[in-house]
2 protein chains.
Amino acid sequence: MTTGCTNGRAAGARASGPGVRLIMAKSDLEDLGRRAVDAARILAATGSAAKDAALRLTAELLEEHSHDLLEANAVDVQAAHAAGADATALDRLTLSPQRIGAMAAGLRQVAALPDPVGEVVEGSVRPNGLRVARVRVPLGVVAIIYENRPNVTSDAAGLCLKAGNATMLRGSSSALESNRAIVRLLRQALSKAGLPEDAVVLVEDVSHEAVVDFMQLEAIDCLIPRGGHSLVDSVRRNATVPVVVDGDGNCHLYVDAGADLDMALDIVVNAKTQRPGVCNAVESLLVHRAVAAEFLPRAAGAMAEVELVGDEAARAVVPGMGVATEEDYATEFLALKLAVAVVDDLDAAIAHIARFGSGHSEAIVTTDIASAERFCREVDAAAVVVNTSTRFVDGGELGLGAEIGISTQKLHARGPMGLRELTSAKWIVRGDGQVRR
Amino acid sequence: MTTGCTNGRAAGARASGPGVRLIMAKSDLEDLGRRAVDAARILAATGSAAKDAALRLTAELLEEHSHDLLEANAVDVQAAHAAGADATALDRLTLSPQRIGAMAAGLRQVAALPDPVGEVVEGSVRPNGLRVARVRVPLGVVAIIYENRPNVTSDAAGLCLKAGNATMLRGSSSALESNRAIVRLLRQALSKAGLPEDAVVLVEDVSHEAVVDFMQLEAIDCLIPRGGHSLVDSVRRNATVPVVVDGDGNCHLYVDAGADLDMALDIVVNAKTQRPGVCNAVESLLVHRAVAAEFLPRAAGAMAEVELVGDEAARAVVPGMGVATEEDYATEFLALKLAVAVVDDLDAAIAHIARFGSGHSEAIVTTDIASAERFCREVDAAAVVVNTSTRFVDGGELGLGAEIGISTQKLHARGPMGLRELTSAKWIVRGDGQVRR
């Protein structure tokens, strides 16, 4: 297997013993890219039925072969354990029958969503009689660089396939055996559904040199890096292909002078503690000076498990609260830690968010309509949230059906990216011999 | 003037004598970026009235000060002439009262267009009662790198301003005096309209080092390079900010077996000769073998001023036609030259376009509905065109009102980019205390 791609079951089984790490020549990567482009061309002209069949077949195969998947995954988990991976990393890496079931269910759910391809986005007849329409089409080849959760392999490939795209997957080296096993099943299902296997390819060379080559592969129409700071930085520096950044979530909750403090308490507890390790959890709490003395002690009492750090005014009303540094305000903790600041007014809250926010999700709790409107207008983020939890900023919760990530950039997709964000649009111009004068 | 920016009229007049070339420290560029970001924040919360007033005031100032503009432009033209610029370059660079009038008219036209900001793109109520909407907002800071046509300075800044964006302009060194003069008037108009002058800034350091720093300036939300291959390549290699590429147009016209040959003749003549120097002109003609012997001699006769080069089959029916090389088929001539190929069928035409096309505009002439449908579905380009001229692929002609360029990438904007393509969308999520379980 010279291309480094999982070429269906037999080839994959021949080449990939535990611990086998492939080094790929740049020309092999280019070849893999060309195959994905060819597959994408076929997928673009494929109707929903075949794509949905492939998704459902993959779900079946994942369930049928869950024993093989667990075996492949055990090799990864063992190696990660031996290499000293921490508990969080091991948990993310580990598959279970339940997690495989969730992957299958996710694929069936995507199969049931409406196909975005072919949707007429807009259309009109021009004064000269030209019929003009913009029609949704697949992006082409979507590349995903991601970390060690093997479920991303089927989730991402499933969404891309539904939107008519070929997918180039580049997962973590620590999940290579798991990813090989999952991609093998995806390719089997594609083949059974009469679609090109190369609609899903795995880049098996997980070396650092290869990842830069990958970010510059001409075949790629859209690269989505899903990972931490260093990955996103590397993509910003090195990528020459179009990118959508699934970025950090340094999210704020601002409790206004006019807030319903009971509501604010429910929301801050939910936004901080319901799932602290995700990007739409809150990392900083801003409280208007007028309500700080009343609200902050209640908040501290309601989140005893959360480490609070704050400015002088916050510490004055919550005994024992640690000191918040500038760095704390700039940090996405992804943990049970919350930075607190007391602000003089809405302007100060907006300025704090403009300075420290990452443009993900920013919330206000207020009963004052003018404050809510100004916050919505002036806070520059993918999502602004009024009187509810930032945890709702999620593709499923906002009605997209599923999401491949949450974009913190402003081009192409902002906020949760669903199927539609995995498409482009093509102009179709039909005439009867019109020429331009 | 340490920042290298045209700080209004007086400062600009003090610092910019003919031939003055500023070298900007990276920190000065960053400072300029920060000022644009601050201006963008104000613009984002500015209604249409003030933006339109600034556009109309700029139009007035351009007309009032056309004598000053012509003087500044004469300095550039003289220097370009002395440096040996060719006739085309000199023509692009030269302003005239008519061209200044067209710039003013363009700004008034943009002022009259509907404001894209605030448009609700979609909205719904979720099962838990959350009111969810996606609302159009400005991108923020839009940067344009462009060549020597000074009218781009007011055209681009005008469109960006209407869409609520601050603009950072980086024109050609050869147009620096003209651009300084135009930007000075834009900033005067902004100030008179009560808007921040830094909503339009000119990067006056036109050195090659500075352009790479510019492509990596964190302040920029969207960079649009408008220029040739080498600029676009440099942006692809060096930019770390989000980019929309205004790319090449290696456009094809395919004359199908079932084409109305009279119609095909009108269209090819129009698409090739009406304005050969623009990106939506046709560069290659593909003709179905069944009609080549009849059509090609007629086409050659109708375009005597066009240099035709072709493959063997084309040359067999058009005596004296030159030999087309692979490179000819890959070249955007932007001149009265046309590469011709005879193809066996629609598949061969689609394959030729897939190989040589630049993803801009691709046309078919046919009476056969199945051919038209397959061409529309399978050709991967920003615009597919049936029975009309590729010259219509243009923001004005397609109903966008105006355009800032034509994107050949698939992310964010594909095809003509109007005001809407200069915006992003923000999620607004409103609740009544909902939390996630």
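1. A quick definition before anything else: two strands count as paired if DSSP finds at least two bridges between them. Keep in mind that this is a predicted model. With that in hand, look at strand E13 of chain A (residues 383-386), which pairs with E16(B) in the parallel sense over four bridges. Within that pairing, Val384(A) sits opposite Ile428(B), a residue of E16(B).

2. Zooming out to the contact between the chains, 54 residues of chain B meet 54 residues of chain A. On the chain B side, the elements giving two or more residues are helices H10 (229-238), H11 (261-273) and H16 (369-378), plus strands E13 (383-386) and E16 (423-430). E16(B) supplies the largest share of that side, with seven residues. By type, the chain B residues touching chain A split into 24 nonpolar, 16 polar and 14 charged.

3. Now the domains of chain A. The assignment gives domain 1 as 8-238 and domain 2 as 251-397. Taken over C-alpha atoms, the centres of these two domains of chain A are 36 Å apart.

4. One more spot to check is Val77(B), in helix H4 of chain B (residues 66-82). Is Val77(B) buried or exposed? Val77(B) counts as buried because it has 23 C-beta neighbours inside 10 Å, and the cut-off for buried is 20 or more. Leaving aside residues up to four places away in sequence, Val77(B) touches Leu90(B), Leu93(B) and Thr94(B). As for Ala89(B), it is 12 residues from Val77(B) in sequence, and the C-alpha to C-alpha distance between them is 9.5 Å.

Note on methods: Residues are numbered from 1 along each chain as its sequence is written. Chains are lettered from A and ligands numbered from 1 in the order in which they are written. This is a predicted model: local features need pLDDT of at least 70, side-chain atom pairs count only at pLDDT 80 or more; totals for chains, interfaces and linings use all residues. A residue is buried if 20 or more other C-beta atoms lie within 10 Å of its own, exposed if 12 or fewer, and partly exposed in between; C-beta atoms are placed from the backbone. Two residues are in contact if their C-beta atoms, placed from the backbone, lie within 7 Å. Domain bounds come from an automatic or database domain assignment. Ala, Val, Leu, Ile, Met, Phe, Trp, Tyr, Cys and Pro count as nonpolar, Asp, Glu, Lys and Arg as charged, and the others, Gly among them, as polar.
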